[in-house]
Amino acid sequence: MSLEQYAGDMAMCCRCSACKFIPMQKVKGAEFSYACPSISRYNFHAYSGGGRVNIGSEMLKSGMKYTDKLLHVVYNCQMCGACDTSCKYAMDMEVLEPINEFRIRCVEDGKTNPALVKVIASLRKKGTMLTDATGKRGAWAEGLGLKDATKEKVDVLYHVGCLTSYDKNMQKLARATAKILQKAGINFGIAGDAETCCGGRAYQMGYKDDFLAQAKKNMAMVKKAGAKTVVTGCADGYQAFKVLYDKFNLKGNLEVLHISEYIERLIKAGKLKLKKKVDLSVTYHDPCRLGRLGEPWIHWSGKKIPGDRFVFDPPKPYRRGAKGVYEPPRDVLKSIPGIKFTEMTRIKEYSWCCGAGGGVSESNPGFAKWTAQKRIDEAVSTGAEAIVTACPWCEKTFNEAIKESGSAMKVYDIVELVEKAI
Amino acid sequence: MAFLSKEVYKEFEDVVGEENICDDPAIMPAYYKTEFAAVILPGNTAEVQALVKLCNKHKLKFRPICTGWSGMFPKGIILFDLRRMNHIIEINEKNMYAVVEPYVISSELQAELMKRGLNFCIKGAGTNCSAMLRGHGHMDQTTSGDDRNHLAIEWVTPEGDIVRSGALGSSDDWFCGDGPGPSLRAILTSAVPPGVTPGVFTKASVKLYHWPGPARFPVVGHSPKYVLSEIPANMMARYYSFPSVEKMWQAELKLGEAEVCYELMGFNAAMVAANITTCNEEDEAMFNRLNKEVQGPGFFVIIAGNSAEDFAWKKKVLQKIVADADGKSLKTVENPEIEGILMCQCTRISASIRETFRPGGAFNSIPIMGQRDLTIKWAIGAGEAKKPLIKKGYIVDDGGAFFGWGVEQGHLGKTEIFCKFDPRNEEAKKAVEKWQQEQTRRAFTERYFASTMGPQNEIGPALSNYHIWWSKLVKALDPNGVSPEGGSLV
């Protein structure tokens, strides 16, 4: 794909500003009606989905006119896809895809962000997006007796992800996941020190070639392990394996599940029983890459039918965010005894981003925390004691915002609560 | 090129802060295809006033905008993006008005109002537009439209004075647009050229109406296919088609006089199809299906009862009037799933983009407020004139249809006709512009109405030379010519 291929889509933008808000039917008042962190924080139209595609459209015609401000616009976006979903309520056009292609073009033209350059250097050197990663990737699993999927045949490969593997505060999620899978009697394994980054975040940051290199490494490893199913605990990893690898025809028949989907399946199959009471009132945050951006890729090629309407031969099916993973994590939470569940205003396909995506947590941590704090405020408005998520990046960013604001809101990953209940 | 010197830029920056001004050409295409001198984001009335005064000091032209869409933007103009002015100042339930800043969108205000059993006039442009926008909308039978709904207004004049109209001119209250205090109703118009009020509207009070529906529609499912989990027990939505335009008009008029419709929206089949479908292919197929199902022109109706008895009575009256005019209910809309989402979308005005921009990417229209029977007769001709363009593939096939609705249960109403087309097709664009000019001129020469979109030197003399008076007024208000395009509420 290339920016040029989205010229028609970008020309469709009518600047209606729907991309700035959640779908209009879902607006419940003056609060929590905004969808896009970037325009909400920086206010100039250029920071909205519509503004971005209009810039893309113009620069396709007149050439890429890079300025510091343009690069600020480009890199201060979590690539969360909220604009895409809101636009596609009414329009038939791609929004996030050309925005992503614009970033890729920036990287190809050497117009990069210094913080992201360091991240990519780390990826190339150490196979992780964490620039401060030290020690061995699989160290968290020491003493747990887990199978090494690079040496033993397993049914399920648990892809842990960079943050959960290296961040000492997040390793608890990997241990909780392993405990849950062990309790359910699953023949699973991890790749340990041989595991490498999924590459999804690199793609969001515009580094397509680095993403592809990671995707190929991962799929080779999966093939070697003989696993038919990959389970991820991280929404970025889920989107990478499930959607992006498929987009580039690398996934094959591999089944990709997020841990919340897998837990739901195990509960339904009677392999996992949640018996212990967890007295907690919670609300659930949909990670962007598990929700709207976790919608399966649709392979399509065709041509616009000449004439008045924007229609294609064959008809073009759009990914509109409806088919992400929304119910499994909710069903799992609701099946934990003692949990009182409340929804926030912005949920599922029109969920507000945690702030971490697109490299923003590295390039502009202040903006990431600002975005996270907005979500914490929304969680507080429900009266819940805790916000539960299903991605370590969300948990980390929420905790950073809470630390700064002094909020009493607690943050959990869904596996932490399931671990308490088994 | 930089339009502003460093010193002048600094003066503007000192008003709004470094973060809220930008003259980088790279961001300008995000707005419109012009070179702005700068885009500035004022946060309150005082900042707007200070910016306007600076524009006068340096003889710089400016234009304010809200959520976007369209406008005229000469090269080198300063754009005031009012996005930071996004607060609902007050909802006064007792006196039934709400005070808003320009970037409060209709959807936000309406959601707050519905919780309180209130509603307001949302313009047909859609709920994603400013709640301050003046115009007409789907609920005009109940909420009326245009300047009926603007009460007191806070206005920064082109010279930078703050004018508070209506009750606000003599007190701190927003309940009335005409007094005690200066009315200025004839000046504070904003919508139609050349009567586009210069300056910036910074706050406005809008009139509120009783809302008999739920505090919130029970919308379930996922975008783009939302549905209602249940239709409110006191509400019903139907689409009726009629054997002729005359019969439709007869029914519309009687329904208006009976005051039974919460909403009467003269959708054509193409607009119904656009509303209830989730993509262009589906839309086209649905339009073809509905075109076979309808017997002729029609309209969409929402009935809302204040009690079970009121609801039953309204339904009975509706059915009698429709039957007397040989109207036929569209079966597709009787499907509860479709009825529910149409009811929600046409109350929340949340699918205008599907009706206008989705099919081709752009649209052009001729809107007119006037005597419905006359404007309908004109619209039939304008619709016929669309057919050659449809045949050539320049515009989207909607059967040559127009649409409209009566306002205030009366004989006046809104009539409008669209041409939807691909903006990248220059031939189509030119053909649509030609159609627009010809049909506007025909409206005048055949004495249907005088659209101010038409040539001013021809239309003005027929309307007491209003254009000359308006020009004089604008010159008096804006002696430095810094606010040439107005458009303050859009």
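In this predicted model, α6(B) passes α9(B) in a right-handed crossing. Helix α6 of chain B covers residues 245–258 and helix α9 of chain B covers residues 308–324; their axes lie 9 Å apart, and the packing angle is about 155°. Angles over 145 degrees count as roughly antiparallel, and α6(B) and α9(B) are therefore roughly antiparallel to each other.

The residues that bring these two helices together can be named. From α6(B) come B:Ala251, B:Lys254, B:Leu255 and B:Ala258, which meet B:Val317, B:Leu318, B:Ile321 and B:Val322 in α9(B). Seven of the residues in this contact are nonpolar and one is charged, while none is polar.

The C-alpha trace of chain B spans about 70 × 55 × 50 Å along its principal axes. Of the 490 residues in chain B, 54% are buried. Among contacts in chain B with a separation of 6 or more, 67% join residues 24 or more positions apart.

Chain B also touches chain A. The contact takes 49 residues from chain A and 54 residues from chain B. On the side of chain B, the elements that give two or more residues are α2, α4, β12, α8, α11 and α12. The most comes from α4(B), with four residues. By type, the residues on this side of chain B are 27 nonpolar, 13 polar and 14 charged.

Terms used: Residues numbered from 1 in each chain as written. Chains lettered and ligands numbered in written order. Predicted model: local features only at pLDDT ≥ 70, side-chain atom pairs only at ≥ 80, totals over all residues. Contact = placed C-beta atoms within 7 Å. Nonpolar A, V, L, I, M, F, W, Y, C, P; charged D, E, K, R; others polar. Axes fitted to C-alpha atoms, helices over the stretch in contact; angles between N-to-C directions. Parallel < 35°, antiparallel > 145°, perpendicular 65-115°, else oblique. Left-handed = near helix turned anticlockwise from the far one by under 90°. Buried ≥ 20, exposed ≤ 12 C-beta atoms within 10 Å, placed from the backbone.
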